[in-house]
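Trainee: I have a new structure open and would like to go through it. Can you walk me through it?
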Amino acid sequence: MIKKKILIAAMSLTALALAGCGSSQSNSQAKSSTSSSQSSVTAQQSSSSNKAQEQSSSTSTASESNLSPQQLGTLVALYQDPDWFKEYLKDGIMYYGTEDGSGKEIAGYNYVTANGDPTSYIYFKQNGDDVTIKQVIPEGDESVAEASLHTKHITVSRLLSDYYVNQSQKDEVNGYADADQLKPESQYQSDMENKN
């Protein structure tokens with residue numbers, strides 16, 4: 001009879017131990033399931049975030065490609081020589097145009113100019129986000145005739161982030177790029193005749 005009681009007690013303990021183990025496995029599986037669903041949610045959020053960034057990036061690219069030659073020329077001039085650009089705009093003698101191909105190195109480039117010597121031309125050409133800028137810059141005691149054409153690169157996105165962020169900057173750039181301020185090169189001759 002005592003042996004029977006011991007055997008029943010041992011079986012009860014074994015059953016309890018197994019039940020506890022099963023419960024532990026069940027909790028572990030529940031935790032694993034919760035962790036898995038959290039990972040899934042995080043992955044979905046990350047995917048949504050990436051899509052938003054891609055859309056933001058394409059919006060930025062669209063605004064870069066929608067710049068007119070006058071707007072881009074204004075941004076380039078503000079970057080290259082803002083005081084010179086603003087001074088000649090104020091005097092009413094700042095122009096823009098496209099190089100017709102007479103100079104191979106600058107064929108097809110747009111430019112802004114005050115129509116003085118070669119140093120008064122800033123040439124620029126956009127290729128996607130990259131803008132190539134060329135300008136004659138004398139070095140040391142070089143004369144303008146001896147000076148060579150210097151080349152540099154900048155991105156459109158950098159120009160926009162420096163000069164075209166808030167509404168005040170946008171108004172300023174668009175005001176400078178207006179046809180009454182930055183005039184087509186074809187208007188230069190008539191402007192000179194009117195001044196004389």
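Mentor: We will take the sheet, then the aromatic pairs, then one glutamine. Keep in mind that this is a predicted model.

Trainee: In what order do the strands of the sheet run?

Mentor: The order is 5-4-3-2-1-6, in an open sheet of six strands with mixed pairing.

Trainee: Which strands stand at the edges?

Mentor: Strand 5 (148-155) and strand 6 (182-184). Each has a single partner strand, so one side of each lacks a neighbour in the sheet.

Trainee: How much are neighbouring strands turned against each other?

Mentor: By 25° on average, direction ignored.

Trainee: What packs on the sheet?

Mentor: Helix 2, residues 69-80, packs on the sheet. Helix 2 touches strand 1 (94-98), strand 2 (110-113), strand 3 (121-127), strand 4, strand 5 and strand 6. The direction of helix 2 makes about 120° with that of strand 3.

Trainee: New topic. How many aromatic pairs does the structure hold?

Mentor: Six. One of them is Phe85 with Tyr176, an edge-to-face pair at 6.0 Å centre to centre, with 85° between the planes.

Trainee: Where in the chain do Phe85 and Tyr176 sit?

Mentor: Phe85 is in helix 3 (residues 82-90) and Tyr176 is in helix 5 (residues 167-177). The two are 91 residues apart, so to speak a link between distant parts of the chain.

Trainee: Are they buried or exposed?

Mentor: Both Phe85 and Tyr176 are buried.

Trainee: Why is the pair of Tyr95 and Tyr188 edge-to-face?

Mentor: Because the planes of Tyr95 and Tyr188 stand at 90°, with the ring centres 5.3 Å apart. This pair also links distant parts of the chain: Tyr95 is in strand 1 and Tyr188 in helix 6 (residues 188-195), 93 residues apart.

Trainee: And Tyr95, buried or exposed?

Mentor: Tyr95 is buried, at 0% relative accessibility. Tyr188 is at 21%, so Tyr188 counts as partly exposed.

Trainee: Which residues form an aromatic cluster?

Mentor: Tyr111, Tyr121 and Tyr123 form one.

Trainee: Last topic. Where does Gln71 lie?

Mentor: In helix 2. Gln71 is buried, because its relative accessible area is 17%.

Trainee: What does Gln71 touch?

Mentor: Leaving out residues up to four places away in sequence, Gln71 touches Asn66, Tyr164, Val173, Asn174 and Ala177. With Asn174 there is also a polar contact of 2.8 Å between the side chains.

Notes: Residues numbered from 1 in each chain as written. Predicted model: local features only at pLDDT ≥ 70, side-chain atom pairs only at ≥ 80, totals over all residues. Heavy atoms only, no water. Pairing = 2+ DSSP bridges. Helix = DSSP H or I, 4+ residues; strand = E, 2+ residues; numbered from the N terminus. Axes fitted to C-alpha atoms, helices over the stretch in contact; angles between N-to-C directions. Contact = heavy atoms within 4.5 Å. Phe/Tyr/Trp six-rings, centres within 6.5 Å; stacked < 30°, edge-to-face > 60°. Buried < 20%, exposed > 50% of the residue type's maximum accessible area, 1.4 Å probe, protein only. Polar contact = N/O pair within 3.5 Å; in protein donor to acceptor, adjacent residues only side chain to side chain.
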